Amino acid sequence: MPIERPTASALAQIAAGYGLEVTPADLEHYRVAADDSMAAWDLVEALYAEHAPTPPNRTWICPSENDNPWGAWFVRTEIQERSDGPLAGRRVVIKDNTSVAGVPLMDGSTMLDGFIPREDATVVSRLLAAGAVIVGKSVCEDLCMSAGSHTSKTGPVRNPWDPSRSAGGSSSGSGVLVATGEADLALSGDQGGSIRIPAAWLGVVGHKPTWGLVPYTGAVPVELSLDHLGPSARTVTDVAQMLTVLAGADGLDPRQTSSIEATDYAARLGDGVAGLRVGVVVEGFGQVNSEPEVDETVRAAIERLRSAGMAAEEVSVPWHSNAPALFSVIAFEGALSQLVDGNTFGSGWKGRYDPELMAHYGARWQADPAGFSESVQLTMLAGRHARNSAHGRYYAMARNLERTLAAAYDAALRDYDVLVMPTSPIRATPLPDPGASVLEVLARGTEMLANTAAFDVTGHPACSVPAGIAGGLPVGMMIVGRNFEDATVLRVARAFEAEVGGFPRPNRSEGDA
């Protein structure tokens, strides 16, 4: 379909928006020139139509309420391309911010309701090539802009340890389906803690890889520099096996370098941990909203690292306390530019875009911006205010300070092999009531990010493992490593898992929700 040609009145409105004073005569000249320019847009569309992929014919169903007691499934599928491979027969669920061709992608938002992608994400192609069975897509928070489990337009995702509480997010469905055993493995995503928070609150293992280790191609972006995809599973071994399949450059994602070394992360689990040095980051404990039970449980878990043969001692990283501020500025202004104004994929980077998704999303939100969740609306309001007031100055400062923050962790990691702290300073919180205030809805989506968000900014690998149970709810311990030394992080996680004899599951069955 040819692009719509500009009218004089449309250009006059655009000019007014930019504060341009254009005479009617000049406006007509601009209209003629713009009209002629649109021929390039028409040719690009014709050329793209010759190369656009055709989606496969795949079967999917929407689960009934009886089959979805936790609200964690978005759709169910049964997709398998081969019966052999390192993940042969393993049941994998895909977070619904990631494209499975021919299967709906909603990303928890009305803005993408009804959209069906044409191509598999790179990670989905790799999972299928490894013999995995894609058993469905998991519910996530609205556009992944909350670390709770209450903003998805499909409804809240409930925590099987206590159905009145949050499952954590934004990879809420992925975490729940692994925790309940409905899936063996889950693909999750992380921009501020969205793999690790559900892992901590649900008692599973969630690994945020080094930024750029796993290609993001085919997933809905939030902010290019914060976007991560990674594995969630019941055990560290399962996470390591899945990461081995997911990792590596695909040549389509600007977040990646071409020099990523292939690693068998599962094989590296057996390298041993005797003598490894663990830095216990003091600023990760005793925060304003920290629960004493969480700090105590994680400190007890650190004792088990010592009993496994590691040396652990406290280390101060004062810049850790500044990380939430850097994250907030980058997330607000960056997501405004990419997720909102840029219709998710934005511009200015080389790689694979999804033009159909951008068009679907852009038309939806321009027709009904009130359909955005409270967290996205806050991003639009606060981010636009900051951008209009300071013209991107604060975003630029935060980006420059990111190097100082990363250097602070790197300095500690020169003395220690890994750093540890609580994943979340608090345990799973109650889900907001349907009539909750905007402030409560927003708080339930951000109050747990004080430790996790830092490593989305710096890109360091970070894995949450179940540290123990406090008051009937899981507590997570986060293990952080040097960039691209994910194998060491997972080795420490596996040693802890072996030391405690494995991780508990929720006692509730599906029917108990």
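# Rings and cores

Visitor: Is Trp 349 buried or exposed?
Guide: Quick background: this is a predicted model, where local features need pLDDT of at least 70 and side-chain atom pairs pLDDT 80 or more, while totals for chains, interfaces and linings use all residues. Numbering runs from 1 along each chain as its sequence is written, and side-chain values use heavy atoms, leaving out hydrogens and water. Buried means under 20% relative accessible area, exposed over 50%, and partly exposed in between (1.4 Å probe, protein chains only). Trp 349 comes in at 12%, so it counts as buried.

Visitor: How many aromatic pairs does a search of the whole structure find?
Guide: Rings of Phe, Tyr and Trp (its six-membered ring) pair if their centres lie within 6.5 Å; planes under 30 degrees apart are stacked, over 60 edge-to-face, the rest tilted. Searching the whole structure that way, the number of pairs is 7.

Visitor: What kind of pair do Phe 345 and Trp 349 form?
Guide: Their ring centres are 6.3 Å apart. Their planes sit at 25°, so this pair is stacked.

Visitor: And what is the angle between the planes of Trp 349 and Tyr 353?
Guide: These two are a stacked pair as well, at 4.0 Å centre to centre. Phe 345, Trp 349 and Tyr 353 form one aromatic cluster. For Trp 349 and Tyr 353, the angle is 10°.

Visitor: How many residues are in the largest nonpolar core?
Guide: A nonpolar core is a set of buried Ala, Val, Leu, Ile, Met, Phe, Trp, Tyr and Cys residues joined through side-chain atoms within 4.5 Å. Leu 419 is one of those with the most contacts inside the largest core, whose residue count is 118.
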